[in-house]
There are 2 protein chains.
Amino acid sequence: MVRKYRIGNPIETDSVVTAIELENGPIPYFEKVEDKNELSFHMGKTDRVYGLAETVRGINKRGYIYTSNCSDDPIHTEDKRSLYAAQNFFVLWGKDKGFGMYVDTPGQVSFDIGYTDMDIFSLCFEDFDADIYVIEGDGLKDIVKQFRKIIGKSYIPPRWGFGFGQSRWSYMNEGEVREVVDSYEKQGIPIDSIYLDIDYMERYKDFTISKERFPDFKNFVKEMADKGIHLVPIIDAGVKIEEGYDIYEEGIKGGYFCKKEDNENLVAAVWPGKVHFPDFLNEEARRWFGEKYKILLDYGIDGFWNDMNEPAIFYTEDHLKEVFLQLKDYEGKNLDIRSFFNMQGIVGGLANNPDDYKRFYHEYKGKRYRHDKVHNLFGYNMTRAAGEAFERLSPDKRILMFSRSSYIGMHRYGGVWCGDNKSWWSHLLLNIQQMPALNMCGFLYSGADVGGFGADVTEDLLMRWTEFGIFTPLFRNHSAEGTRRQELYRFSDTESFKNIVNLRYSFIPYLYSEFMKAVNSDGMLFTPPAFEYPDDDMAYEVEDQLFVGDSIMIAPVYRQNATGRYVYLPEEMKLCRFRSYDDYDVEIIDRGHHYISAALNEVLVFIRKGHAFPIAAPATRTEKIDYASLKYECFDCNSEAYDLFIDDGISR
Amino acid sequence: MVRKYRIGNPIETDSVVTAIELENGPIPYFEKVEDKNELSFHMGKTDRVYGLAETVRGINKRGYIYTSNCSDDPIHTEDKRSLYAAQNFFVLWGKDKGFGMYVDTPGQVSFDIGYTDMDIFSLCFEDFDADIYVIEGDGLKDIVKQFRKIIGKSYIPPRWGFGFGQSRWSYMNEGEVREVVDSYEKQGIPIDSIYLDIDYMERYKDFTISKERFPDFKNFVKEMADKGIHLVPIIDAGVKIEEGYDIYEEGIKGGYFCKKEDNENLVAAVWPGKVHFPDFLNEEARRWFGEKYKILLDYGIDGFWNDMNEPAIFYTEDHLKEVFLQLKDYEGKNLDIRSFFNMQGIVGGLANNPDDYKRFYHEYKGKRYRHDKVHNLFGYNMTRAAGEAFERLSPDKRILMFSRSSYIGMHRYGGVWCGDNKSWWSHLLLNIQQMPALNMCGFLYSGADVGGFGADVTEDLLMRWTEFGIFTPLFRNHSAEGTRRQELYRFSDTESFKNIVNLRYSFIPYLYSEFMKAVNSDGMLFTPPAFEYPDDDMAYEVEDQLFVGDSIMIAPVYRQNATGRYVYLPEEMKLCRFRSYDDYDVEIIDRGHHYISAALNEVLVFIRKGHAFPIAAPATRTEKIDYASLKYECFDCNSEAYDLFIDDGISR
């Protein structure tokens, strides 16, 4: 049962698509804290909290404070309160009772889940305005399902979006892209897509192609398509200020850009240098910007990633002027140390400065809002611009789309990736732990940069991460300029990388089926053990194993130099220890605790009793998978136990 | 057997105290890489590498690259190659064979242990000059012992240095310190010392006391001493430039400060603003600076921590001038984004800039050396200054001393703490994993800031960390200005904190005995399971359990919300699950894998077969521990199996 309550006068977000009548009584569970914009709930000792999607720390969110405030912060250490997204849905569950809650507000809200006081869950609002949905139901999965039902069906990518993708900031020209594809082909490692980061553009201008680097882009897209390779370009939120650049000029003419209080367009700086931000919250601007994707669709492009849409701001013109003025005060002085740190802080604080979010406005649903009041809706509405446009521009064919920033509601228009993570073992674990929480909030098409974006990867980290990545719908290897090259063929054991990526393609019939069933039933693809075995106390303790769809559980290895790991089985299962499609051990493992060996090139898949797991012969591209080749690994059943989802993988 | 080899013309470090004749032949195991300052060794698949003391990542160092380059970097994420110390001893071990190696050079050397190529261990030298000691022996512990023998006996603190200490940057005046002590007394939590961070000084001037904040310091030291509380002030490496400040003036007069190429004293800025650095490598300067500790000894102080001695440099005067000149080029321009990042980098790069280490020189053993060539000896020699002075100033009584920066050799003069860590669960694990490696390099008196220095702690993290901290010789709770207050009495379950710190005092007779035995036998206090059970393959996999002395193994919980953990027992052991001195379960546990419950307030101690574990009644101060009150938990033996070390705890 979903009940809706209202605090104050909230700004609509369009995240909930089902009309629900407002309740009159007090919000259940939580109590208002006197003299504060705060609601408070006393947690039981064994209450766990799940959800909040893209946040740091474990599956159980208890013990920290998380703030919904979409942030371009590439250092995802465990003390960070905000990452790129604002996904305000959680379920509090105490084994046999609990509730779900969706806090619908585009402003800042903090979830203090036993941080200040171990037993108190506080919701702290910057502005005391929100729609609050309270959901009760028959267990964790049921509560999630009810929530998902009110926010609408999750985005469905084309099936090729389940193929392996290679990315790097930056592939500088078509020659480099060709070389990457050739190298994968040479090694026999399957691949479906190459991502184009910012350098494909002319001076980082959205919807342009650098003629110098990609002299005949249309032909190049076709050349790649003929090889079965999809090129997936990045689109950034800022539009470069440049006379003669049609999109800039149209934006000016149409009044589509975000304005300051004085009605001048805000001048911010991002990759292209100075930019204006389209006002994605303004329906007209959204329609205008969405239509621009047609420029790339017409080149034959059929997938995109939206980036820098928190929005990231390296500096604003006004703030930079202020900083240079302030710096004059420091020059030539005998700086004491606090003054010196202030000076460093002034310069270091230019990027993503919260005060810059108070310098500009949106026209939203007929009203004017200062950006910080609707901040968390920006990336969402950028991706909505694309998604709404694709419905018009590509009514029959699905387009690949995922975004860095998001808010609930955006899950109907695209997926997400988890932003600029690092080549850290702890971020492989974070990737594992974020997946079910993303699913809870409707983001089914999701994944993190496999191998890590920042910092230098090692071969073993990349291999272990790839072994997990083969289970995430978005399966992309991506790395930052200046870091160690991270394409799989650059390491010594390419044979194992090939075998592991081959497994991905062998598993796509299963993964795609389970994904589509999750979309169609408002279910989750990834569930923590406690969601499947709510009566098993130990299942609540497990934070590093996931169920993927109905048939299997995975237990990825995420520690360097480990040749195995502890696994808890809530019931007897059949372990397949895969080295490749046709080289794997099978073993029945009892319920309970086990130390399971897993050599560096081995992938552990546990099949549930009474379930079947279809496995296709390896294929070099998703669309080359031979569904007739399927074999089934079954535990106490036969292949008929499995309900394969089949469609053409592309029609809407 | 220890053999000594020489590459090039190394600068002496005084780390090895035993005369060993130089071998003539080639260095064993490693081969010179052509045209590079590099030695290379091909590792076997199961070779592990232990040592390197204060570095990131696990107990087995394989799979990353570590650079010995003492660095003031407070963000100890797993991609960092350098922390505060340079401790170049490691053992490579492949279950039944291997070798130890000590790479003695004060310059930069990188240990690429399967980072570039998973099977290659490369030693990469900035300058190809080093003494290399190759050690072979009968297993891991024997190799360590042989190494320790040649570097001399480890520093021994006064026994009260095993008591609990409370610290925070910053306690601003005597009233605050008094309040902290009173609060601990009020809660009945034992405590032996309060650390004074930089604010006790007058304008951050070494060996001064702020008259405003501590109007009668001598009396205050006595007041605390009467309560059994030791005050432990910080000493920073830089001496403030201030006319009339005697230490500054003496340093100028004596020519004790580090000079630039033009023979002017280097002007750097640290907490006091502009400072000169004493040339600790210069014997005369070292003697002069060491003598200054007498000023505080005369106040009744009997312990110190040396800080900022990498040395940390916030900026140098010369570099700051250059930066302000460079900034003029950016002002008023339409900065493209790369220029903007350059500008930010110029300002952000002022602190701890490697080029600043090329701006000044040392007089060392009769020669002049540019700082960067002897960089890793700076903190070592600051602490040596103190240690050598204490031998003169306090010939009978031990003085507490530990340092942030270090090099092997410094272990004879003081301990170390692991620098500015964070309130991260991953840093609790890092603390566990660094302890045995520190021991290998001779640093027996060591520990990390319990609860974490930077970032905001939570009560559960602090409790779990305290449960581990009670086993580390240095047991200090320390936190940074601006972070959440971290004194144990500020949280809700002070009863459990009291019980846990009480356990520390109950365990001191054991810990001090085992520490002294380790010092006297050149042994380790903390050993990883593989060191104790070299024939057990599984023991090599375990990275989160430690043996502490001869009788016990510990298995700390380091995951948020966990109510237990996996433990591997290489043999049958007796588990004591302590909630307090007199409230604990006892259970015999079989060899093998177990999931062991450990509630938030429970400490797991595993007693080895045939070993006894002495436990004292709780005491409020170390020196109040009643050795007559000892009871023994024994497994298959009686209390006579234990060899208690008893001395007066203070005589040298």
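**Interface and chain architecture in the predicted model**

Between chain A and chain B, 8 salt bridges are counted, in a model that is predicted. One of the salt bridges joins the side chains of Arg81(B) and Asp456(A), with a distance of 3.4 Å from N to O. Given that the cut-off for such a pair is 4 Å between a side-chain nitrogen of Lys or Arg and a carboxyl oxygen of Asp or Glu, the 3.4 Å separation of Arg81(B) and Asp456(A) falls within the rule. Across the interface of chain A and chain B, 36 residue pairs are also found in polar contact, with both residues at pLDDT 80 or more.

On the side of chain A that touches chain B, the largest share is contributed by helix H7 (residues 337-348) of chain A, which supplies 8 residues. The residues on this side of chain A comprise 34 nonpolar, 16 polar and 17 charged. The contact as a whole draws 67 residues from chain A and 67 residues from chain B, and the two chains bury about 5600 Å² between them, of which 55% lies on carbon and sulfur atoms.

Chain A itself contains 14 helices and 37 strands. Its radius of gyration is 24 Å, close to the 26 Å given by the globule rule for 652 residues, and chain A is therefore as compact as a globular protein of that length. The C-alpha trace of chain A spans about 70 × 65 × 55 Å along its principal axes.

In an unreviewed UniProt entry, residues 155-513 of chain A carry the feature "domain: Glycoside hydrolase family 31 TIM barrel". Over residues 155-513, chain A is 39% helix and 15% strand, and the end C-alpha atoms lie 15 Å apart.

How values were computed
Residues numbered from 1 in each chain as written. Chains lettered and ligands numbered in written order. Heavy atoms only, no water. Contact = heavy atoms within 4.5 Å. Buried area = accessible area lost by both parts, 1.4 Å probe. Polar contact = N/O pair within 3.5 Å; in protein donor to acceptor, adjacent residues only side chain to side chain. Helix = DSSP H or I, 4+ residues; strand = E, 2+ residues; numbered from the N terminus. Nonpolar A, V, L, I, M, F, W, Y, C, P; charged D, E, K, R; others polar. UniProt positions renumbered as here; feature names shortened; annotations may be inferred. Rg over C-alpha atoms; globule rule 2.2 N^0.38 Å.
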